[in-house]
Amino acid sequence: MSNGVLITVAKSGILSTLFAVALLASGQNSTITGTLTGQVIMEGFIHMRMPIWLRRLVTRLLSVIPVLICVLYTSTKGPIEEHIALNNLMNESQVFLAFALPFSMIPLLMMTNSEAEMGKQFKNNLLVKILGWFSVLSLTYLNLRGLPGQIESFFGDQASASELALADQIAYVLIFVVLALLCWTVVDLYKGNKKHQQRLQQMTEELD
C-alpha cells in the first residue's frame, strides 16, 4: 500500500465495486455452464427432458436461495454479523461444490467402463475401475461426513443447542437427498447401458 494511486482507489470504494461485479459475473458464468452441462447430461445420457424456462428457473433458484436464506437469517443482526455470515456462505459454497463431483465422476466412470460405449480395446481395465470407484466412494464419504460440521459452522461459534439441532437436521436431509440422487444416477445409467447393449446386439444380428 505504498503506492499513492492504489491507496486513493482503495479509499474510493472502486475495488470493492469491481470485486462485486467480478463475483457476479463469475457466478453467472458458472451457473450458465452448469445449466448447459446439465442439459447435455439429462437429454443425452439420462434421456430426461425439461423445458428451457423450467431448467433456467431451477438453476437460478438453486444459486439464489442460499443467499436469500443467509440474508433473512441475519436481517435482525448488525452489519458485522451480516458481513461475517455472507463471508462464511461464500467460503462454505466452495465446500458444497465438492458434492457435484460424484455426479460428474460416476457417469464418466460408468461410460468408460462400458464395453458397449468404448469397445473392448478402449474400456477401462480392472485397475482403473478399482481406483475410479474407490475415488468416487471416498470423496462421497468424506463430503457427507463433514457436512454436519460445515452447516453447524454457518451458525457461528456461539450457536445455541436448537440451532445446532436444526443444522444437523438440514445436514441429514441433504445427505439423504444426495445419496438418493446418486443411487438413481447409477441405476438409470446402468439401465441405459443395458438398453444400448441390446440395440447393438440386435444390429449385429441383423447384419449377420
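Author: Gladly, and please keep in mind that the model is predicted. Let us begin with N143, whose relative accessibility is 14%. The cut-off for a buried residue is under 20%, so N143 counts as buried.

Reader: Where is N143 found, and which residues does N143 touch, leaving out those up to four places away in sequence?

Author: N143 is found in helix 7, which covers residues 126-154. Once residues up to four places away in sequence are set aside, its contacts are A98 and F99.

Reader: Is V128 buried, partly exposed or exposed?

Author: V128 is another residue found in helix 7. Its relative accessible area is 37%.

Reader: How far apart are V128 and N113 in space?

Author: In sequence, 15 residues separate V128 and N113. From C-alpha to C-alpha, the distance between V128 and N113 is 8.9 Å.

Reader: Which residues are buried in helix 5?

Author: Helix 5 covers residues 101-113. With 13 residues, helix 5 reaches 18 Å between its first and last C-alpha, close to the expected 18 Å. Its buried residues are P102, I106, P107, L109, M110, M111, T112 and N113.

Reader: What span should helix 8 have, and how far apart are its end C-alpha atoms?

Author: Helix 8 has 47 residues, 161-207. At 1.5 Å a residue, helix 8 should span 69 Å. The distance between its end C-alpha atoms agrees with that, at 69 Å.

Reader: How are helix 5 and helix 8 oriented: roughly parallel, roughly antiparallel, roughly perpendicular or oblique?

Author: Their axes come within 10 Å and cross at roughly 20°. The crossing of the two helices is right-handed. Angles under 35 degrees count as roughly parallel, and helix 5 and helix 8 are therefore roughly parallel to each other.

Reader: Which residues meet there, and how many are nonpolar, polar and charged?

Author: From helix 5 come P102, F103, I106, P107, M110 and M111, and they meet V178, L181, L182, T185, V186, L189 and Y190 of helix 8. By class, this contact has 12 nonpolar, one polar and no charged residues.

Reader: Finally, how many helices and strands does the chain have?

Author: The elements run α-α-α-α-α-α-α-α from the N terminus on. Of the 208 residues in the chain, 22% are buried. The secondary structure comes to eight helices and zero strands.

Conventions
Residues are numbered from 1 along each chain as its sequence is written. This is a predicted model: local features need pLDDT of at least 70, side-chain atom pairs count only at pLDDT 80 or more; totals for chains, interfaces and linings use all residues. Side-chain values use heavy atoms; hydrogens and water are left out. The expected span of a helix is 1.5 Å times one less than its number of residues. Axes are lines fitted to C-alpha atoms, for helices over the stretch in contact, and angles run from 0 to 180 degrees between N-to-C directions. Angles under 35 degrees count as roughly parallel, over 145 as roughly antiparallel, 65 to 115 as roughly perpendicular and the rest as oblique. A crossing is left-handed if the near helix is turned anticlockwise from the far one by less than a right angle, and right-handed if clockwise. Contact means heavy atoms within 4.5 Å. Ala, Val, Leu, Ile, Met, Phe, Trp, Tyr, Cys and Pro count as nonpolar, Asp, Glu, Lys and Arg as charged, and the others, Gly among them, as polar. Buried means under 20% relative accessible area, exposed over 50%, partly exposed in between (1.4 Å probe, protein chains only).
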